[in-house]
Amino acid sequence: MPAVDLALKLIFRKGAGIEGKHVKDILGSQSLVPTRNAFSVHLFRFLFNPFLLFVVDLLHEFELGVWKAIFAHLLRILFAAGGSAIQGLNWRYRNVPTFGRGTIRRFHNNASAMKRLAARDFEDLLQCAIPVFEGLLQDDTYDRIILDLLFDLATWHAYAKLRLHTEDTLSFFDSVTVILGKSVRKFSRTVCTHYHTTELPHEHAARGRREAALAAKHPQTAQGRSAGVKRKSLNLQTYKYHALGDYPNTIRHIGTTDSYSTQPGELQHRRSKRRYPRTPKTKKTTITSIASQEVIERFCEKVIAAREHFASENPVQPRRRRERTSPLDHYFIAKYSRASHDLTSWLGDLGDDPAVENFIPRLKDHLLARLRNIAYDGDEHDFSDEDRHSVLITDNKLFEHSILRVNYTTYDLRREQDTINPRTRADIMVLSHEDERTHPYWYARVVQIFHVNVEYREHPAALRSPPTCINVLFVRWFRRDSSPAGWAAKRLQRLEFFDRNSLPDAFGFLDPDSIIRGVHLIPAFAFDTTNELLGPTFARRKGDSCGDDSDWRFYYLNMFVDRDMFMRFRGGGIGHKATRDWDEFLQREGHGHNEAGSNESDLEEDSEGEDSESEENDIGLEVDKEQDGRGDEEDEEDRVIADDGEEDEEDRVIADDGEELDDDVLAEEGYGAL
């Protein structure tokens with residue numbers, strides 16, 4: 001390449017330093033190095049760039065690379081802060097609700113130990129991190145910086161994992177990548193320098209085991225090694241962090257990251273790991289034992305194939321299976337129920353429970369609106385007693401169901417299904433019907449799923465119709481808190497229940513056909529619980545971490561829980577027809593249209609370093625220099641020293657005495673450098 005040739009001439013003919021200013025000015029904008037590649041030399045005449053063959057690796061570069069390193073350093077900061085921060089983090093992660101079919105699984109009791117975690121586990125840790133880390137540090141300024149960083153990391157990860165991109169999403173992805181670089185540098189300059197971070201307990205133990213094994217082999221090298229805890233710092237001078245800037249252009253040229261994931265190859269690791277526990281732990285017999293297990297597995301596969309062939313030639317009446325639901329239906333509730341309640345007796349047993357106040361009149365109002373095909377506008381219609389008498393609930397019975405399945409179309413035109421269970425995953429979203437267009441969705445928690453058989457008489461002289469089965473949801477509504485939320489504020493939407501002074505708004509009935517899909521709500525652990533919203537009630541979900549007679553003061557709406565949920569709040573999802581008219585509203589905040597140069601700052605250090613050339617390119621992007629008001633002397637200190645190959649000491653991470661860098665440790669443990 002001409003730039004590389006020019007740099008080589010400066011180095012070999014003019015004596016310029018490899019790390020000097022003149023060489024960096026030539027190569028820095030394209031992140032090149034002053035070497036010539038054999039493939040480039042031989043293929044250049046065909047105008048072929050061999051580097052286009054290499055694609056990004058989201059699993060290793062981000063989930064097991066950048067995010068894992070930042071998460072580990074956040075744990076070091078919590079250890080350095082002291083108190084019960086680490087115990088609080090473990091308790092919070094353990095009490096994060098599950099979601100979907102394995103989308104968010106139950107976290108381990110000791111998430112900070114990071115034991116036996118796969119890439120999907122680190123992905124879950126990131127998606128649920130904001131409510132967990134909130135308030136763990138006593139310093140509000142540093143707490144806000146960490147929350148901003150976590151929001152930017154989750155946003156960048158969501159864009160990187162989209163299975164369908166448009167020009168708009170890629171443009172936003174570019175902006176988010178720049179914003180993420182600024183957030184990471186701000187975190188490194190402010191929070192990381194404030195705390196004296198050292199090895200985590202498991203890191204210290206692993207180093208002790210390595211040193212003990214080395215001392216057993218080479219006793220003479222054991223002298224002089226420090227037995228204490230070493231200092232650890234966040235290392236940003238890594239290829240994995242630098243490669244984040246390549247993702248938007250790679251997606252433009254090659255396609256979405258799910259097209260070239262390394263996950264299929266990584267899954268093959270499970271084969272060897274399954275065999276290893278059944279293998280003798282001696283060098284002489286390990287390989288032989290694993291090979292023997294492979295032979296046995298191949299023999300078992302042949303037996304299974306022979307049995308399947310025999311079964312196909314001798315068919316047996318298959319056992320009746322549960323009928324599958326049609327993806328064309330918006331929702332599915334079983335036709336029959338094992339649990340039924342006499343409405344009068346059931347309400348009598350609940351007594352003065354505030355949740356069932358005016359239950360029967362409000363239920364009949366809901367049924368009348370649906371029988372008369374009155375469009376749902378968010379308000380419950382208030383009918384007269386004469387109108388209510390025209391509705392008769394057959395046998396005065398309410399039939400309860402355990403599960404509701406909701407089918408929906410994702411942003412990339414796939415059909416997916418959410419399972420709503422009042423005991424476990426009960427939170428849903430519906431379209432907003434507010435007069436002011438402030439938010440596209442309403443949120444509720446399903447208290448009960450039931451159906452009633454209704455006989456209806458259109459006017460007093462008419463006969464009652466045959467019983468009609470109507471499915472109904474009894475829900476407890478959320479309302480949005482007034483706290484700043486969204487892309488510009490870098491905060492999740494915060495919800496709360498209505499209090500006892502707003503009972504007509506707190507509970508209601510809903511047509512299952514109104515549901516868009518289920519949502520993942522995480523308690524706002526930093527705000528604790530309260531028993532002031534509502535007294536003892538059957539509507540409160542049993543087994544919650546907040547207690548039987550209390551509610552969490554706030555909940556956070558996890559819009560990063562999956563790709564489809566992310567696009568419902570970003571706007572522009574191709575499959576989201578119902579919210580198409582909200583796209584402009586959702587994208588108005590943008591992801592960087594106004595953020596890139598106006599991030600919220602509480603410290604003067606927020607704008608420091610933005611003029612540094614090395615920081616502009618540390619994730620592979622050219623960032624326009626900002627006028628941050630610094631003097632010429634400060635600019636000169638941040639500028640790379642030219643000609644002699646030296647550079648600013650702040651740009652290079654060098655291990656201090658008794659310190660061990662992250663990438664060195666992980667390389668020794670077999671993970672490779674970060």
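Predicted model: local features only at pLDDT ≥ 70, side-chain atom pairs only at ≥ 80, totals over all residues.
**Overall make-up**

The protein has 674 residues, and 47% of them count as buried. Its secondary structure comprises 25 helices and 16 strands. Among contacts with a separation of 6 or more, 70% are between residues 24 or more positions apart. The protein exposes about 36200 Å², and carbon and sulfur atoms supply 50% of that area.

Two packed helices are described by the angle between their axes and the distance between the axes. Helix α4 covers residues 58-81 and helix α8 covers residues 140-160.

| Helix pair | Axes come within | Crossing angle |
|---|---|---|
| α4 and α8 | 12 Å | roughly 170 degrees |
| α4 and α5 | 8 Å | roughly 130 degrees |

The axes of α4 and α8 cross at roughly 170 degrees. An angle over 145 degrees counts as roughly antiparallel, so α4 is roughly antiparallel to α8. On the α4 side, the contact is made by L58, F62, E63, W67, I70 and L74. On the α8 side, the residues are I146, L149, L150, L153, W156, H157 and A160. By class, the contact of α4 with α8 has 11 nonpolar residues, one polar residue and one charged residue.

For α4 and α5, the axes cross at roughly 130 degrees, and the two helices are therefore oblique to each other. Here α4 contributes F71, L75, L78 and F79, while α5 contributes A85, I86, L89 and Y93. This contact of α4 with α5 has eight nonpolar residues, with no polar and no charged ones.

Helix α5, which covers residues 85-94, is mostly covered: seven of its 10 residues are buried. The buried residues are A85, I86, G88, L89, N90, R92 and Y93. They pack against α4, and also against α6 (119-127) and α7 (129-133).

**The sheet of β1, β5 and β6**

Strands of a sheet pair through backbone hydrogen bonds, either parallel or antiparallel. Three strands form an open sheet in the order β1-β5-β6, and their pairing is antiparallel. The edges are β1 (331-332) and β6 (415-420); each has a single partner strand, so one side of each is left without a neighbour in the sheet. Strand β5 (residues 404-409) pairs with β6 in the antiparallel sense over six bridges. Within that pairing, R405 stands opposite T419 in β6.

**Strand β7 and its partners**

Strand β7 runs over residues 427-431 and is mostly covered, with four of its five residues buried. One of its pairings is with strand β8 (residues 441-456), in the antiparallel sense and over five bridges. In this pairing L431 stands opposite Y441 in β8. β7 also pairs with strand β12 (residues 515-518), again in the antiparallel sense, over three bridges. There, V430 stands opposite I515 in β12.

Key
Residues numbered from 1 in each chain as written. Heavy atoms only, no water. Pairing = 2+ DSSP bridges. Buried < 20%, exposed > 50% of the residue type's maximum accessible area, 1.4 Å probe, protein only. Contact = heavy atoms within 4.5 Å. Areas by Shrake-Rupley, 256 points an atom, 1.4 Å probe, with all protein chains shown as cover. Axes fitted to C-alpha atoms, helices over the stretch in contact; angles between N-to-C directions. Parallel < 35°, antiparallel > 145°, perpendicular 65-115°, else oblique. Nonpolar A, V, L, I, M, F, W, Y, C, P; charged D, E, K, R; others polar.
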